[in-house]
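User: Hi! I am new to this structure and would like to understand the terms used for it. Could you walk me through them?
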Amino acid sequence: MDAINGDQKVVFEEEQSLIEEVALVVPVTDDPSLPVFTFRVWVLGCVSCVLLMFVNTFFSYRTQPLTISGILAQILALPIGKFMASTLPTKKLRVPYFGWEWSVNPGPFNMKEHVLITIFANSGVSYGGGDAYSVGAINVMKAFYKQNVSFIAALIIVLTTQVLGYGWAGLLRKYLVEPADMWWPSNLAQVSLFRALHEKDHSRKRLSRMQFFTVFTVASFTYYTLPGYMFTILTFFSWVCWIWPHNITANQLGSGYKGLGLGAFSFDWAGISAYHGSPLVTPWFSILNVAVGFVIFIYIIMPLSYWKYEIFEARKFPIFSSDLFTATGQKYNTTLILTPQFNLNVNAYNDYGKLYLTPIFALSIGSGFARIAATFTHVLLFNGHDILKRSRSALNAGKLDVHARLMKNYKGVPEWWFLILLVGSMAFCLLLSFVWKDEVQIPWWGLVLACALAWLITLPIGVIQATTNQQPGYDIIAQYMFGYILPGKPIANLLFKIYGRISSIHALSFLADLKLGHYMKIPPRCMYAAQLAGTLLAGVVNLAVAWWMLESIDNICNVEALPPDSPWTCPKYRVTFDQSVTWGLVGPKRLFGQHQLYENLVWLFLVGALLPVPFWILSKLFPKQKWISQINMPVITYGFAGMPPATPANIASWIITGTIFNYFVFRYRKRWWQRYNYVLSAALDAGTAFMGVLLYFALGMQKIDLSWWGTELDHCPLASCPTAPGIVVKGCPVF
């Protein structure tokens, strides 16, 4: 086998990936004789899946919603797998009548088993989300609307969105997994770590990858006691407010939590990676695109909109907030406009008054309009020819790279296997609309329309993510569209988003794992079984943990009723709730329709559609200038996506950290970057996660709090104050 692998290496190195990062990290050899889907994989895969989903669901309710990737399971699986290989009996077991033979210990624990365990654990964890995402709808229904939703209906919602996503992923493999230029940058961290853990390093002059990982995991674990408990001000280090603590403008500019974050920085890895993932695994050109969008939006558009032009009556409201407001600057009480059936009470709405958005929330929605239109135009212009060619001749189009050629040694998965999952999950979706129609509000045709939208949108979004590590969202578009079709029903609008958008998120997560299996030469049928089993298990665990937390933590997600230093503020789910009110309950017609306050934001659909055109023309006029084609308008508009709940301090810290490692270190210390960069990302994730969970169970559950100057949020008490004359808000001066 060594000889065969040596020959393969000689033959295939000439066909190495044209993507430099892939060529530096991904191996070009394979050993098809290694056992893959073993007893160890089933046991460790299930345990890893459960642990990973528990931790991510747990953290999703916190003010800094730390997301733990499969790297944590990846680390834990290695020593346990080797222990099982050294202790379990090697005797083969036979199944009577069927002639099957299997062993609980088929030999040494190998890299392919390790990869499949990690993919198993990843299966139910969406990219950038941590939990199953669709559980957010359940949280909003129970924690914000106080709705009595049944556990069975909730379980169907969670499982069907994930299985639908797996079905979409299977049908899009030939477009988003097999092409060499669909390289999925986030996978390189895991590939690098697999090699670090399994390949022997004979150098004595430097730390091995495993030694490096151990050192920085311990360092990260120890350090997180500061931003996680003892010195939480490090999460939003807003020094501008220390200089001018009583100046509203300085607070608005300098606050990293409730302002524009000028000069603010997060020294908390959970804060840096909270919303855009690890900056160490994102390519530099993508970071640069995000940075351009971020600077334009936060430091040019927002100040002009708030102070100079005062658009949307901006100064009546906080400069940075996802809350909804009345015309007098008070928080909007949505319970006053709800019927007992959770529909809009039109008369009560007219009596109570119009709904107002903060300027950053309104402009963030507008950027979503531009982003989805720019995504379609960008993919059509820059990738349309390749997609069309693949559509016509599937896998026979073009030359396969070394990884695709090696994967030809294994049996593929027939498409009808994925079609069965699609049909089955859609049948259960429709069951919701008939059996639990009062709880879910959405009619059967709404679910069909949502699934059609997910199918239409997953390919262009996937192209962006597979090449830039950024995932432009279209949540707003799904809710905007359905808000016009079926106004006044917030739960129905929320579920339309779940099936029209979140199933697509799950599809992209599964596609990323399929590419990881492609890089590591995992048999496709083993991938199918592991991902499907992991999907079902993770969905059940996700909902069970969410249900437990909603029932056991008093006033969870209720910021007004929680103590000031409580971590259970649920910023992710607060935004989901506000969006359900904006798009579902009040409806886009009352906010963005003709003669309404926010009507001009709709023009950003057209603006977004046109933005990529000049850069495509320039790339054709100057084909030798490769940097022009890397100007990615969907990613530039993604620079201010997710704000709020993401804060300027989160995004600025992400940009600076990513620039240090993926520009300066990559350019000037490439050998160090190749050896340690992704391992460092994994170590920071692992150490932070271990300490975060330990702090909660050791101190949080015992209600052992620490209160002093260093644990106050960011010392910018006036950042959320309005500045319009005559607006009275508790704790704020009146102008």
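Analyst: Gladly! Searching the whole structure turns up three disulfides. This is a predicted model, in which local features need pLDDT of at least 70 and side-chain atom pairs count only at pLDDT 80 or more, while totals for chains, interfaces and linings use all residues. Residues are numbered from 1 along each chain as its sequence is written, and side-chain values use heavy atoms, with hydrogens and water left out.

User: What makes Cys241 and Cys716 a disulfide?
Analyst: Their sulfur atoms are 1.9 Å apart, and a disulfide is a pair of cysteine sulfur atoms within 2.5 Å. Cys241 lies in helix H12 and Cys716 in the segment after helix H32, so the pair ties together parts that are 475 residues apart in sequence.

User: Why is Cys716 called buried?
Analyst: Buried means under 20% relative accessible area (over 50% is exposed, in between is partly exposed; 1.4 Å probe, protein chains only). Cys716 has 8% relative accessibility, so Cys716 counts as buried.

User: How do you know that Cys429 is in no disulfide?
Analyst: The nearest cysteine sulfur, that of Cys451, is 5.1 Å away.

User: Why are H4 and H5 called oblique to each other?
Analyst: Helix H4 (residues 71–87) and helix H5 (residues 111–122) pack at about 140 degrees. Angles under 35 degrees count as roughly parallel, over 145 as roughly antiparallel, 65 to 115 as roughly perpendicular and the rest as oblique. H4 and H5 are therefore oblique.

Note on methods. Axes fitted to C-alpha atoms, helices over the stretch in contact; angles between N-to-C directions. Helix = DSSP H or I, 4+ residues; strand = E, 2+ residues; numbered from the N terminus.
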